[in-house]
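I opened this notebook to record what I looked up in one structure. The entries follow the order in which I turned to each topic.

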Amino acid sequence: MKSLKDFKVSEIRKDFPILKEKVNGKNLIYLDNSATSQKPNQVIDSIKEYYSKYNSNVHRAIHKLGEEATLKYEEAHEKVAKFINASKEEIIFTRNTTESLNLLSYTLKVGAKDNIVITEMEHHSNIVPWQQLCKRTGAKLRFIPIDKEGKLDLTKSPIDNNTKIVSVVHVSNVLGTVNPIKKICKMAHDRKALFILDAAQSAPHQKIDVKDLDVDFMAFSGHKLLAPTGIGVLYGKKKLLLSLDPFLTGGGMISDVSKNDSKWADLPNKFEAGTPNISGAIALGAAIDYIEMIGMDEIQRITKDLVTYTMEKLAELDNISIYGPGSEDRTALISFNLVGIHPHDVAEILDKEGIAIRAGHLCAKPLMKVLGVNAVCRISPYFYNTKEEVNYFVSSLKKVQEVFTQ
Ligand code: C6P
């Protein structure tokens with residue numbers, strides 16, 4: 001018999017048209033939400049509405065359509081600001097987490113005697129920009145190591161008086177580990193270093209209060225939280241954003257231009273050069289409305305419950321390695337390997353069953369090296385997934401093992 005909660009999920013699923021699709025002749029079971037989430041009708045409709053009813057540029061036009069587009073675009077800044085407890089001028093729209101982190105790596109200043117601290121569990125987007133900054137300036141890149149469980153070993157933190165930037169992932173896209181951000185942020189601030197949070201994997205799953213965490217900057221992507229691709233967010237404390245030079249220059253980000261000089265526009269426009277992704281920003285606002293309608297606490301509860309359930313079911317399998325900590329310290333996702341079977345083979349066979357998971361190095365090659373593997377399989381449920389889907393996934397994994405042991 002269906003419980004009230006199951007009923008609610010079945011209602012929620014009706015909002016996501018793609019979940020009715022067949023893949024390889026089978027019902028789609030989408031378990032790759034950490035790569036990108038699916039989109040509800042409310043988000044898809046908001047894009048259609050923009051293009052069919054008030055498509056126009058923002059901050060430029062005197063006409064009615066331009067006014068409406070500008071109003072909705074500004075409203076999107078406000079919704080994102082409220083979502084993370086920031087103010088509107090502290091929200092910069094970018095393309096994604098990667099661009100937000102690059103913006104910082106090109107605008108923050110470090111010198112040859114300084115160091116930048118990240119961790120062994122970072123996504124390439126929170127490694128490569130800092131490597132490049134170090135190459136440009138002579139600064140050193142240092143890593144907080146992970147322990148055997150897949151948690152950060154803060155007793156071995158390299159943060160010192162020469163650390164200028166500490167940039168850390170909130171939830172690892174490989175291990176699912178939820179890091180103790182308040183604690184690491186304080187460690188950075190105690191040494192007068194800036195703290196940057198990569199919230200790409202946490203923003204879709206939990207409430208984030210930038211004031212409570214006291215992070216200086218935070219980056220996340222819209223596409224992992226129900227919004228379209230091509231819209232991302234950089235949050236920054238107002239006084240810090242005011243102190244930085246702009247990243248990209250040109251139209252939309254100036255207050256005055258003469259032949260030889262320019263003055264910057266107020267925040268956030270100073271960091272939003274050129275025509276922005278207007279429909280993407282509006283759709284991100286619609287995605288936030290949807291998340292708030294369901295309730296972030298409820299989303300967190302459903303996903304956490306699914307992750308815990310999946311961990312229990314996977315424990316029934318022989319010859320499986322699961323990476324990262326137990327359910328109490330993780331959220332959102334589970335990476336694993338079936339002994340003797342390449343992750344790409346696992347993903348390919350599951351795909352024939354209509355099940356979408358991710359397999360590969362997950363854009364975290366340094367972490368793969370620490371784990372002693374080249375690749376992993378990853379399942380990442382979201383609040384519209386069900387235990388029935390998890391059951392089918394686990395029984396299909398058992399079949400994969402049978403195929404390879406024949
Ligand atoms: N991780 C994954 O399947 P972009 O591509 O800019 O929207 O997000 C980059 C990024 C940054 N940090 C973390 C922790 C991430 O997980 C990601 C994206 C996807 O794991 C795509 S590789």
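Before locating any residue, I noted that helices (H or I, at least four residues) and strands (E, at least two) are DSSP runs, numbered from the N terminus. I also noted that the model is predicted, that local features need pLDDT of at least 70 and side-chain atom pairs pLDDT 80 or more, while totals for chains, interfaces and linings use all residues. Residues are numbered from 1 along each chain as its sequence is written, and side-chain values use heavy atoms, with hydrogens and water left out.

**Entry 1**

I found Ser-37 in the loop between β3 (29–30) and α2 (41–54). Is Ser-37 buried or exposed? Its relative accessible area is 1%, so Ser-37 is buried; buried means under 20% relative accessible area, exposed over 50%, and partly exposed in between, with a 1.4 Å probe and protein chains only. Leaving aside residues up to four places away in sequence, I listed what Ser-37 touches: His-223, Lys-224, Leu-225, Leu-226, Tyr-382 and Tyr-384. Contact here means heavy atoms within 4.5 Å.

A polar atom of the Ser-37 side chain lies 2.8 Å from the backbone nitrogen of Leu-226. I recorded the rule for such a polar contact: a pair of N or O atoms within 3.5 Å; within protein, one must be able to donate a hydrogen and the other to accept it, and residues adjacent in sequence count only if both atoms are side-chain atoms. Leu-226 belongs to the loop between β9 and β10 and is buried, at 0% relative accessibility. Its phi is near 80 degrees, a positive value in a residue other than glycine.

**Entry 2: the ligand**

Which residues come nearest to the ligand? Of the 18 residues around the ligand, they are Thr-98, Asp-198, Ser-221, His-223 and Arg-358; a residue is near if one of its heavy atoms lies within 4 Å. Thr-98 lies 2.5 Å from an oxygen atom of the ligand, Asp-198 lies 2.6 Å from a nitrogen atom, and His-223 lies 2.7 Å from an oxygen atom. Taken alone the ligand exposes 510 Å², of which the protein buries 90%; these areas come from the Shrake-Rupley method with a 1.4 Å probe.

**Entry 3: the two domains**

I noted that the chain is divided into domain 1 (4–30 + 295–405) and domain 2 (45–255 + 262–293), with bounds from an automatic or database domain assignment. Their centres, taken over C-alpha atoms, are separated by 28 Å. In contact are 34 residues of domain 1 and 32 residues of domain 2. Why does the ligand lie between the domains? Both domains give residues to the shell around the ligand, so it lies between them.

**Entry 4: helix α4**

Helix α4 covers residues 97–107, and eight of its 11 residues are buried. Among them are Leu-101, Leu-103 and Leu-104. The buried residues of α4 pack against several elements, including α5 (128–137) and β7 (163–169). Asn-96 caps the N-terminal end of α4, with a side-chain oxygen 3.2 Å from the backbone nitrogen of Thr-98.

**Entry 5: backbone details**

I found a cis peptide bond joining Leu-267 and Pro-268, with omega about 0 degrees. Pro-268 lies in the loop between β12 (262–264) and α9 (278–294). Asn-24 has a positive phi of about 50 degrees although it is not a glycine, and this residue, Asn-24, sits in the loop between β1 (22–23) and β2 (26–27).
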